[in-house]
Every structure is written in structure tokens, then in C-alpha cells.
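These are my notebook entries on a structure that I had not examined before. I record what I looked up, in the order in which I looked.

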Amino acid sequence: MHKTSAWPLALVYVGLICYASLYPFSDWRYQGIVPWAYLSSPWPKYWTGFDVTTNLLGYLPLGFLLALSALRSGRRRFAVLLATLAAAVLSLTLESLQNYLPLRVPSNLDLGLNVLGAWVGALLAWSLEKLGVIARWSIFRERWFVPDARGGLVLLALWPVALLFPAAVPFGLGQVLERLEAALADGLEGTPWLDWLPVRDIELQPLVPGAELVCVMLGLLIPCLLAYCIVRAPARRLLFVLLVFACGMGVTALSAALSYGPEHAWAWFSLPVRAGLVAALVLALLLIGVPRRVCAALVLLALGIHLDLLNQAPASPYFAQTLSTWEQGRFIRFHGLAQWLGWLWPYATLVYVLFRVWVRDTKN
């Protein structure tokens with residue numbers, strides 16, 4: 001049995017699937033039919049290749065992660081079966097719940113595609129185990145990372161996915177203040193508690209170029225410092241820096257291309273952003289030999305400054321228009337998967353690093 005990052009990643013993915021399947025979570029009502037009636041309905045007459053692909057591929061990572069979790073925890077014999085059954089139960093539950101959402105339509109075709117995708121993913125994990133790929137990854141992990149690196153690896157794996165959600169400032173994850181205030185005001189409307197909410201005297205102002213530079217710099221430096229907390233040798237840290245920068249820039253360009261069109265993939269690459277990239281690279285190289293405990297302290301400091309600066313800036317009208325593009329049409333399939341990660345990733349990192357520091361202090 002081994003400690004594995006696959007299980008927490010599978011739990012995160014289950015939450016994201018639930019969000020994407022039940023969005024927008026409004027107008028719940030009983031429509032006079034049993035939730036599982038769709039199982040005996042004829043197959044849908046109208047479907048698109050996009051729907052088939054997303055339903056098939058959407059559950060493939062879940063099947064892979066669940067099977068990998070079973071394989072790594074000693075349940076090798078029934079790994080594929082357990083992963084497929086778990087995914088089938090999840091899909092059956094979510095499709096049945098869609099009966100209570102007027103904007104969603106349950107489908108036996110979707111259920112079948114979900115189960116097929118999970119089975120393919122589980123079979124892929126089993127095949128990689130039989131070929132020895134998983135064992136080689138275990139050896140690689142022991143060489144490169146500290147023993148308790150599971151949480152850090154999960155966060156680093158989720159960081160590029162979080163960047164897919166369009167950000168008002170490149171690499172600016174965690175900008176939740178305005179939406180949180182609006183959600184609280186809507187929830188407390190008509191109650192005396194609404195007067196308890198703090199009211200700003202002035203509206204949020206756009207970031208000046210210098211503040212944007214700092215946000216970009218810290219947005220890239222934080223995952224580098226997080227990697228320094230779990231990677232053993234300085235030479236290997238250097239490779240992680242290059243990987244973080246390549247993934248960050250590539251995923252941000254992909255997000256811009258999805259939002260504005262391929263011709264605008266690099267529209268975000270302004271002068272403050274370029275300066276922030278250079279500053280982040282210089283600082284990451286200067287800190288490459290710093291002890292892990294100091295890196296943890298620097299992550300906390302960088303997160304505090306980054307979130308404070310970012311949440312003092314409003315979302316621009318262009319940014320709001322971009323979000324409406326994601327929240328409508330086909331991007332809704334990916335909206336829930338990336339939105340919550342984009343909001344919560346910095347706060348999850350904050351909790352993780354604080355926990356690591358606390359555990360180390362209690363051991364000492």
C-alpha cells in the first residue's frame with residue numbers, strides 16, 4: 001500500500017463533476033415523474049458530437065483516478081470494476097437529480113457515455129500498472145519529493161486547470177471579494193442582517209501597472225515556492241521552475257484563445273505582464289537553494305500580498321463579458337470545472353502550507 005495523490009484528486013474531480021452536472025442549481029421543482037424514468041426512455045433523437053465527446057471524456061479522468069487509487073491502496077484485483085461502479089453510481093445519481101432542474105435534461109445516452117468513459121479511464125490505469133509505469137512513477141516520486149508531498153503535488157497538478165478560468169489579471173487566482181459581497185447581499189436581502197455588511201465609501205479602482213506587475217510576479221512565484229517546499233534538490237527545483245513557467249504561459253494563452261478567439265491568444269502579454277514574468281523568474285532562481293521551511297514562510301507572505309492586491313481591483317467590463325461567454329453556451333461544460341479552482345486554489349494552498357508548518361512544529 002502506498003500514499004497516493006490519486007485519491008484526493010479523485011475527490012476534487014467528483015466535486016467538479018457535481019457542479020458541472022447540476023449547474024445552475026436554481027428553480028428546483030418536482031415535475032411529476034420519478035427521477036429514474038429516463039432510463040426506460042428511447043434514446044435521444046437529437047445529439048451532437050460535442051455532447052458525446054464531453055460526456056465520454058468528462059468521466060475518463062475520474063475512472064483513471066479511482067482505479068489508480070484502488071491499485072495504489074492494494075485493491076488490485078477489482079480496481080477496474082470498483083472504479084467503473086463508483087462512476088456509474090455517481091452518474092446515475094446526478095442524471096436523476098437533473099429531473100428536478102428545468103434547465104437540465106437527464107439522458108440515458110449521457111449515462112451510458114459516462115460509464116463507458118470511466119471504464120476506459122480505469123482500464124488505462126490498470127494497463128499502465130501492468131506495464132510498470134506506475135511503479136516507475138513511485139521510484140521517481142521517492143527520488144524527487146519529500147515523503148509527505150501528496151498535498152503539494154495535488155495542488156500543483158490543479159494549478160494549470162485553475163488558470164483555464166479567465167482571470168482579470170494574468171495568473172491572478174483568488175479574486176473573490178466582489179462576488180462574495182454580491183452573494184452575501186443577495187442572500188441577506190430583506191433581512192435586518194443586510195445592514196451589518198460593510199459598505200465601501202469608494203468603488204474599487206483598476207490596478208496601476210506597477211501593482212499588476214507585482215500580481216503577475218507573485219502569481220507565478222507562488223507555485224514555484226510551493227514546489228520548493230516538496231522537491232528535494234536545487235537542480236530539480238530548476239526544472240520545476242521551467243515547467244511552472246511553460247504551463248502557466250501555455251494555459252493562459254489557451255484560456256485567452258478560448259475566450260476571445262485564437263488570434264487573441266497573446267493579447268494578455270502586455271508590458272507589465274512581461275516585466276512581472278521576468279521578475280518572477282529572477283526571484284525563483286535566486287531562491288532556488290532556500291530551505292523548505294523558509295520557502296513555506298515565503299509562500300504565506302506571497303499569498304497574503306497577492307490576494308490583498310488582487311481583491312482590491314474590480315473586474316473590468318471586458319472581463320465580465322468574457323465570463324458571460326463562459327457561463328453561456330458550450331463553455332458551461334468547463335465553467336464549473338475551472339471556476340471554483342480559480343477562486344479557491346490560493347486559499348487551499350494557504351491552508352496546506354499552514355498545516356505543513358504546524359505538523360512540523362508539533363513533531364519538533
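**Entry 1: the whole chain.** I took helices (H or I, at least four residues) and strands (E, at least two) as DSSP runs, numbered from the N terminus. The model is predicted, so I note that local features need pLDDT of at least 70, that side-chain atom pairs count only at pLDDT 80 or more, and that totals for chains, interfaces and linings use all residues. Residues are numbered from 1 along each chain as its sequence is written, and side-chain values use heavy atoms, with hydrogens and water left out.

I found 13 helices and 0 strands in the protein. I next looked up burial, where buried means under 20% relative accessible area, exposed over 50%, and partly exposed in between (1.4 Å probe, protein chains only). Of the 364 residues, 44% count as buried. The protein exposes about 19,400 Å², of which carbon and sulfur atoms supply 70%; the areas come from the Shrake-Rupley method with a 1.4 Å probe, and for residues only the protein chains shown count as cover. For contacts (heavy atoms within 4.5 Å), I looked at those with a separation of 6 or more: residues 24 or more positions apart account for 84% of them.

**Entry 2: helix α10.** I read α10 as residues 271-286, which is 16 residues. The helix reaches 23 Å from its first C-alpha to its last, close to the 22 Å expected at 1.5 Å a residue; the expected span is 1.5 Å times one less than the number of residues. Which residues of α10 are buried? I listed P272, V273, G276, L277, A280 and A284. They lie on the same side of α10, because they cover an arc of only 140° around the axis; the arc is that of the directions from the helix axis to the C-beta atoms. An α-helix has 3.6 residues a turn, so residues three or four places apart point the same way. On the other side of α10, I found L271, V278 and L286 exposed. The buried residues of α10 pack against α8 (209-228) and α9 (234-260).

**Entry 3: the salt bridge.** I searched the whole structure for salt bridges (a side-chain nitrogen of Lys or Arg within 4 Å of a carboxyl oxygen of Asp or Glu) and found 1. Its partners are D148 and R356, at 3.3 Å, N to O. The pair links distant parts of the chain, 208 residues apart: D148 is in the loop between α5 (133-144) and α6 (150-163), and R356 is in helix α13 (residues 332-363).

Entry 4: I located D110 in helix α4 (residues 108-130), where D110 is buried with a relative accessible area of 15%. I looked up polar contacts as pairs of N or O atoms within 3.5 Å; within protein, one must be able to donate a hydrogen and the other to accept it, and residues adjacent in sequence count only if both atoms are side-chain atoms. The side chain of D110 makes such a contact with the side chain of N55 at 3.2 Å.

I then turned to N311, in the loop between α11 (292-310) and α12 (317-327). N311 is buried, at 10% relative accessibility. The side chain of N311 reaches the backbone oxygen of L307 at 2.9 Å, and a polar atom of that side chain lies 3.2 Å from the backbone oxygen of G174.
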